[in-house]
Amino acid sequence: MQQHEIRRFVERYFTANGCTFLEANDNYMTIQLTAEMDKELMNRPFYWHYIERTGGVPQPMQLTLITRPNEQTNKLKGERLHFGAPRLHQLFRSAQKRGSFIRLYEEPESPLNGNAALHPWLGMNVVISYECDRKKDDLVSLGLHLISGTIIESFHERLRERRLTPKIPDYCFTISPLIKPRSGISRLEQYIRGRIAADDHTWADEARQRWADDLALLDEFYKDTEEKPECYYIEKEALEKQYKPRITVSIINGGLFYLMPRSS
Amino acid sequence: MDIEIKMDETWKEEFLERVEKDGPWASWEMYELALEAAHHLSVPEFNGLQAPKHLPHLTILPHQLEVARRVVEEMNGKAILADEVGLGKTIEAGLVLKEYMIRGLVKKALILVPASLVSQWVKELNEKFFIPAVQQKKSYVWEQCDIVVSSIDTAKKPPHRDIIYEQPYDMIIIDEAHKLKNNKTKNYEFVQNLKKKFCLLLTATPIQNRIEEIFNLVSLLKPGHLGNAEQFAKTYGKTRAVQTNDHLKALVNKVMIRNRRADTPIEWSKRHVEPVLIEFTDEERELYEAVKALRHESFAGSFSLITLLREACSSREALFLTIKNMIDKCEGAVPEALEHVLEKINAVTTNSKAEKALELIRSINDKVIIFTEYRATQLYLQWFLKQHGISSVPFRGGFRRGKKDWMQELFKNHAQVFIATEAGGEGINLQFCRYVINYDLPWNPMRLEQRIGRVHRLGQTDDVHIYNFAVKQTVEEHILTLLYEKIRLFERVVGELDDILAKMNLANLEHYFEDALVHSRSEGEMKIKMENIMAMIELAEQLGKKGGERHAAT
């Protein structure tokens, strides 16, 4: 992640959460937090508890983040922001927590002649993690048409091309889904399982081979021991933890999207 | 395909609940940001390192990166890191740990280090790697904190041991792992029973060890890699050192990485070494001779004459403490000889070494570190320098981490001189200083190396100047000329020395010196004994060179 990307991310994050920028230039920014963001990020529950108990006037903190250190920023009381910085990762976590669930409607681009029907879609962005003693992630964006059951990939890319709004636009109505959300999720999960099954799993075979090799060494080591000591079993279990291939599917975010039907 | 797939269930339930309750829903912008964050956090490849991208402020040297890459890609996260001293094994271990944490393969890790280094590890992991490591202070820490640093001595004791065995550690890191070379010890047994999914053993001197010790170390990491004990003894029992058997060497190298200074393209700043010979005043000389005369006393067997002589060379204060102790222990009348020494102590009014140090410090006019072996000398020097308007910071072992850091800062920002006793040296970095005065010389070359290592290490950009003080016609001069100058100890790069000493198998060089210097009945005998020691060192050096050449040829 480049410094300018970090900067852009941070600006968008705080703007989206209603904070104001007291100062912002190429080198640093000072942000006036809202009470809500102060509670989210600054880790001072006792202060907030005290204010709420006593009915005092809350004073949310200001945060100075330095994206390009120079002589000027050295004098500031601020935090350096780079890809590994704990603060950035806190913002990542916060964004994921606050951006998990959504429901949006498509806004027609030109005025409509009469009413327009919006079709329900279930969208889901997922990470598929392939793990053994190594790890790889695959990000997949899926969309399920809750009427026909059609599933498309790169769904999020398509959403980006449309104008979306949290309220149902005038002269639009939604078609009720034939597929309920719960079974929609199951269908997508099923799709993901199929997708995984079709993948190349050389990585897992190789991991199993490494596992077998180490296990053979271990058995050899204790070959002459009639009753295996406890550490044999501990080590054996550790080898399983180290090498056994496993796949986890976690959902980044997702939601309901009511979209105008397109021919494409 | 027979791979277990785990589906995230938490999102589903919460989503359905929100559908039910009609919200709350995120904004499109937050939704996009969440996805973007996930993109940045995802690991696109099995291979390669993610950690460097997370640590842009850290200067990672090429050999350190290569170590981390090999541990992850070729050694499956189980390795002995055995770089020569000063090449940054801690950085390498931190990199590997960070890499696994970024990949989500390590959540809980246990780091076992010598007690004196615990807080330093905690500090480095937090500041350099943003790894929230915690020092184990209370027993609940084992369970509640993910990355814990502790000394092995604490960890192996109940009730800690049993709690630790219950923890699902993903990674174990052990610093100074050469202490685990004996498989009969409690420490060995303790580590053997830890769950080691990923494991790093850090040690600086594994190769020279006896091969059974290598066997024990490797078997701890990867049991069976060198066969079982019986097979190993049969195959390699006659092998004296790992280097002499190519097959064994190749096998060991599969689990061990050792970078040598010479193999890295790092340019080390130079060391300038200057012996500084000092004349005693008449009073000091008389005192020294009075101490020397104690050799003929009837109680001579009960104390170390060499210690007294060395103290006499350091300061009358250091000597006084020991003499006073001896007098206190006397039952009945105080021996005349001791009274005599006391008189001579009182007669001394100046300290020639201190005068010389003062002169040198003034001419250097920059920050200086003085090392002394004696606490009393340290106090005296601080007082003496203060009399002459020079501010100094005393530093010794036993300071808590916070105090150590504070003293270090004090020296950096407010004082010209840093006066350290031996044990204080561990775990401090003083690269901002480049002048070292060895006020008195330790007789163990490794300790001298550690002293210099405080300033002459990675990160030192300027040449380093070392002044070795020795008083003429004393034990000090013998040590300085015979050992330190003839084998040009100071010009060697760090790390070469431990190889040589280990090859000599001279665990206790000091004892040889003491024997030669104190127990010799004549100058001639002493000379012969010292020459013998020299010859052994030279031999070891030649062996080392041969090994090196052969190594290069293969």
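Tutor: Strand E11 (residues 246-259) of chain A pairs with E1(B) in the parallel sense, over four bridges. Helices (H or I, at least four residues) and strands (E, at least two) are DSSP runs numbered from the N terminus, and two strands pair if DSSP finds at least two bridges between them. Within this pairing, Val249(A) has Met7(B) as its bridge partner. The model is predicted, with local features requiring pLDDT of at least 70 and side-chain atom pairs counting only at pLDDT 80 or more, while totals for chains, interfaces and linings use all residues. Residues are numbered from 1 along each chain as its sequence is written, and chains are lettered from A, and ligands numbered from 1, in the order in which they are written.

The contact takes 59 residues from chain B and 68 residues from chain A; two residues are in contact if their C-beta atoms, placed from the backbone, lie within 7 Å. On the side of chain B that touches chain A, two or more residues come from each of strand E1 (4-7), helix H1 (10-21), helix H2 (28-41) and helix H3 (51-54) of chain B. H2(B) provides the largest share, 13 residues.

The largest nonpolar core has 70 residues, and Leu97(B), Ile111(B) and Met171(B) have the most contacts inside it. Such a core is a set of buried Ala, Val, Leu, Ile, Met, Phe, Trp, Tyr and Cys residues joined through C-beta atoms within 7 Å, where buried requires 20 or more other C-beta atoms within 10 Å of a residue's own, also placed from the backbone. A second, separate core of 57 residues includes Ile361(B), Phe395(B), Leu441(B) and Tyr467(B).

Six strands of chain B form an open, parallel sheet in the order E9-E14-E13-E10-E12-E11. Strand E9 (271-278) and strand E11 (392-395) of chain B stand at the edges with a single partner strand each, so one side of each is left without a neighbour in the sheet. E11(B) pairs with strand E12 (residues 417-421) of chain B in the parallel sense over four bridges, and there Ser392(B) has Val417(B) as its bridge partner.

Definitions and conventions
Buried ≥ 20, exposed ≤ 12 C-beta atoms within 10 Å, placed from the backbone.
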